[in-house]
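Here are some notes for a colleague who is meeting this structure for the first time.

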Amino acid sequence: MIRARITGTGSYVPEKVLTNLDIEKFLDTNDEWIRARTGISERHIAADGEQTSDLATRAAERAMEMAGVSADEIDLIVVGTITGDYPWPATACVVQANLGAKNAGAFDVSAACSGFLYALSCAVDRVEAGRAQKVLVIGAEILSRIVNWEDRNTCILFGDAAGAVIVEAGEGDRGILSTHLHADGTQLELLYQPGFGTKNLPSVEALKDKSYFLEMQGNEVFKVAVRSMASVAKIALEANGMTAEDVDLFIPHQANIRILNATAKKIGLKDEQVYINVDRFGNTSGATIPLALDEANRAGRIKEGDILLLDAFGGGFTWAATLLRW
Ligand code: COA
């Protein structure tokens, strides 16, 4: 059996750091409230002129370097993003051009904060089917451009970043063990961006009242996120005959420290099994998991043979889990 395996990780965050204290200066909020309710202290913000594809390309180059894979060896590029450079074409195509990956197909996946795990599942399926040998999977976002910086309920939560992995065909028991995707579109307005798609075209009114920005009912999203992430994590463990005790590292979507802690508790994980970096980056949507994975990998936190549980939840709603042996 062909097994899809992650052979390289990379990430990139923009230079500019926006702390809670910085936000206090222009918004009716404070550092203490933000840290207590979200666990976030600071986030990185893309510079003017810096695009999602730029972040994605930097992260990709680092993953390729670690894997020892050159641009022309890549068969496919899949980018999980909801803040692409353009509505279309895909940001994956911009990355393909930036890298000069002339033998690669390229497309984006729109699954909000679950985008990276959805994108990864496409790579795994192509590789396991024998239709691709080396796939570049990226989660990249510039959320700072779609949040309303006058809305204290939402803007404090988000940041910009990119993370990437190289997935290669291999054999043996190391690699992706299973991926589980779920969605429920019946309550999409609890977390979404109303404009500008075909439903809400650009208009002077929308620009004036900022009704095209990301909107969220935080309390409602919180409850569904915990329930869904815990449930899909258990499904992934059960599918592989494992329990929470088998997990060496749990890398959840970094939405909010309270969501992470509540989810980990529901799954039955101990604090030392959980990777957390939301304090330094905030919620970077599709980028949180590959960013955390790269950090953990480069810090030597992951050893060969370790069991990793990746778990995401996002707008749609979408949620997903991936279990893998490193
Ligand atoms: N600073 C200070 N006060 C704020 C604030 C801010 N940034 N944002 C909201 N408040 C106020 C509210 O106006 C409200 O005041 P009121 O009681 O006078 O009306 C009070 O704080 C409590 O608001 P509430 O929305 O109930 O707070 P909360 O405990 O639910 O925390 C979130 C808000 C957004 C942090 C929380 O709901 C959350 O994390 N939700 C999940 C969001 C998420 O992660 N989404 C992405 C999933 S992928």
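1. The centres of domain 1 and domain 2, taken over C-alpha atoms, are separated by 14 Å. Please keep in mind while reading that this is a predicted model. In the protein chain, domain 1 covers 3-172 and domain 2 covers 177-325.

2. On the contact between the two parts, 47 residues of domain 1 touch 44 residues of domain 2. The size of an interface is often given as the accessible area lost when the parts come together. For domain 1 and domain 2 the buried area is about 3,600 Å², of which 63% falls on carbon and sulfur atoms. Within the share that domain 1 buries against domain 2, C113, L117 and Y118 supply 19%, which is more than any other three residues.

3. As for the make-up of the side of domain 1 that touches domain 2, the elements giving two or more residues are β1 (3-12), α2 (31-38), β3 (42-45), α3 (52-67), α5 (115-128), β6 (134-142) and β7 (160-170). Of these, β7 gives the most, with six residues. Sorted by class, that side of domain 1 holds 23 nonpolar, 15 polar and nine charged residues.

4. How many salt bridges cross the interface of domain 1 and domain 2? The rule finds one there, while a search of the whole structure finds twelve. E150 lies in the loop between β6 and β7, and K210 lies in the loop between α6 (204-209) and β10 (215-216), so this pair ties together parts that are 60 residues apart in sequence. The side chains of E150 and K210 meet in a salt bridge, with 3.5 Å from N to O.

5. A polar side-chain atom of T29 is found 2.6 Å from a nitrogen atom of the ligand, and an N or O atom in the side chain of R37 is 2.6 Å from an oxygen atom of the ligand. With R152 a polar backbone atom takes part, lying 3.0 Å from a nitrogen atom of the ligand.

Conventions
Residues numbered from 1 in each chain as written. Predicted model: local features only at pLDDT ≥ 70, side-chain atom pairs only at ≥ 80, totals over all residues. Heavy atoms only, no water. Domains from an automatic or database assignment. Contact = heavy atoms within 4.5 Å. Buried area = accessible area lost by both parts, 1.4 Å probe. Salt bridge = Lys/Arg side-chain N within 4 Å of Asp/Glu carboxyl O. Helix = DSSP H or I, 4+ residues; strand = E, 2+ residues; numbered from the N terminus. Nonpolar A, V, L, I, M, F, W, Y, C, P; charged D, E, K, R; others polar. Polar contact = N/O pair within 3.5 Å; in protein donor to acceptor, adjacent residues only side chain to side chain.
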